[in-house]
Amino acid sequence: MKPALFSYAAPRSLDEALVLLAEHADDAQILAGGQSLAPMLNLRLAAPDWLIDVNRVPGLDVIEETAEGLRVGAMTRQNALLDHVADAPDWSLLAQAIPHVAHRGIRNRGTIGGSVALADPAAEAPACAIALDAVIRLASVRGEREVPASDFFLGLYETAREPDEMIVAVFYPRPAPGWLFGFDEVARRRGDYALAGLCAGMRVEEAFVRDARLVFFAVGDRPTRARVAEDALIGRNVADIAARAAACAAARAGIEVMPGGDCGVEYKRRLVGVLLERQLARFEAMGGDRDG
Amino acid sequence: MTVDFAQEARVRIETRVNGRTIRAEVPARLSLVEWLRDELGLTGSHVGCEHGVCGACTIVVDGSCLRGCLMFAAQADGCDVETIEGAVASGRLAALQEAFYRHAALQCGFCTSGMLLTAAELLARERNPGRQRIREELSGNYCRCTGYQSIVDAVEVAARAQQEENGS
């Protein structure tokens, strides 16, 4: 046994879980899929007094799809979501991104809510949430509230979640017509943490860019939108090479790179430009006006 | 700092392991793979890195492969657990085992149980995975003898045999 001693509770209802969480807020960790927490416990990077295992709370792993969007219960396993979205054009970003989340055995157990809650800067789920303009639903004994993904990630492993709150669902609004999505990352090996990655969304009408969300991850201390690069593209034709080059230069220059990790700051910065350049070419192929 | 082991939280579980119902009381921080190996003597699942990287501890829980080092035994209460011993006895790995044997897809054998279970899940889900897909799917299982080439060969052959058997 590698973890330090902890007290263990496996609540059978959400209310029970929230009461336990309120009671032990500062000394407890919620155990969701455990695919990051268990390694941290084994390495003793985490040594909480309490482990509140929410795997037995019913109803938290439900996926509901409506005209408005996709509501994914926090305990939905990564692979369960992948199976749901595999052939759904509206959720192509998730379908492209999830296969890059570690390995099958880890995706079978790891959860969407857990990945969002942990806010690992190299994780795919937080970046997808921002690129899809998702809303994070949190619950505590004080009630429930929603936080837009764009306001949820505050820094390295730091989120807007209060210690007595837990994520109960992530809601992805259905993208309006015209939105295109692309995912790419550079990793040493399939399933490894990305050295740099991009979740990109772009609304294209008659080959012109109307809106864009370019979210880089594994670069800064949290997934980050490249706003200046987005602005350089909006209003331009998807085939406008000069605009694209300007956007790539802006993304490269503007992004904050967190030092440390597997490669140097300059290399990561270079990858940011490469990832965006490739993605913009793919967007042109997907949404370009063939007559234009 | 001394550890007061009287404080060790213990959890009662009832778990089906390879078709047998087992009732036990386990320390909350005992991993599933440690319980299977040390308490039940099912030593076919191996303990490698103990932080989810190497895949040697791969176990099937409720029909899905997962890391036996990243799940606590306490969490297996009510679950259906299948280890390499159970999977082999069921015969469902026979074609893969044969292919591994023919292609010398194991050297020291430490990774083999995890490789077989992971490959079996791939073959159950995909009819015709090519070498690229096989490599992607096995990327979470380390072979420290570095015998990947023959492992991919074996899985590819088993995939093809499965396809022919299904008449497609």
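Let's start at Thr111(A), which touches Ala32(A), Gly33(A), Ala74(A), Met75(A), Thr76(A), Arg77(A) and Gln78(A), leaving aside residues up to four places away in sequence; contact here means heavy atoms within 4.5 Å. Before going further, note that this is a predicted model, in which local features need pLDDT of at least 70 and side-chain atom pairs count only at pLDDT 80 or more, while totals for chains, interfaces and linings use all residues. Residues are numbered from 1 along each chain as its sequence is written, chains are lettered from A and ligands numbered from 1 in the order in which they are written, and side-chain values use heavy atoms, with hydrogens and water left out.

Thr111(A) sits in the loop between helix H5 (104-107) and helix H6 (112-118) of chain A. Helices are DSSP runs of H or I with at least four residues, and strands are E runs of at least two, numbered from the N terminus. With a relative accessible area of 4%, Thr111(A) is buried; buried means under 20% relative accessible area, exposed means over 50%, and partly exposed lies in between, using a 1.4 Å probe and protein chains only. The side chain of Thr111(A) also reaches the backbone nitrogen of Gly114(A) at 2.9 Å.

Gly110(A) belongs to the loop between H5 and H6 of chain A too. Gly110(A) is buried, at a relative accessible area of 9%. Not counting residues up to four places away in sequence, Gly110(A) touches Gly33(A), Gln35(A), Thr76(A), Arg77(A) and Gln78(A). For a sense of distance, the C-alpha atoms of Gly110(A) and Phe208(A) are separated by 38 Å, and the two residues are 98 apart along the chain.

Now follow chain A to the loop between H6 and helix H7 (124-131), where you will find Ala119(A). Ala119(A) is not a glycine, yet has a positive phi of about 60 degrees. Its relative accessibility is 3%, so Ala119(A) counts as buried.

Ala104(B) is found in the loop between H3 and helix H4 (112-125) of chain B. Here the relative accessibility is 47%, so Ala104(B) counts as partly exposed.

Axes are lines fitted to C-alpha atoms, for helices over the stretch in contact, with angles from 0 to 180 degrees between N-to-C directions. On the H3(B) side, Leu96(B), Gln97(B) and Phe100(B) meet Thr112(B), Met115(B), Leu116(B), Ala119(B), Ala120(B) and Leu123(B) in H4(B).

H3 (residues 94-102) of chain B has a further partner, helix H6 (residues 148-165) of chain B; their axes come within 8 Å and cross at roughly 140 degrees. H3(B) and H6(B) are therefore oblique to each other. In this contact, Ala95(B), Leu96(B), Ala99(B) and Phe100(B) from H3(B) meet Ile151(B), Ala154(B), Val155(B) and Ala158(B) from H6(B).

Note on methods: Angles under 35 degrees count as roughly parallel, over 145 as roughly antiparallel, 65 to 115 as roughly perpendicular and the rest as oblique. A polar contact is a pair of N or O atoms within 3.5 Å; within protein, one must be able to donate a hydrogen and the other to accept it, and residues adjacent in sequence count only if both atoms are side-chain atoms.
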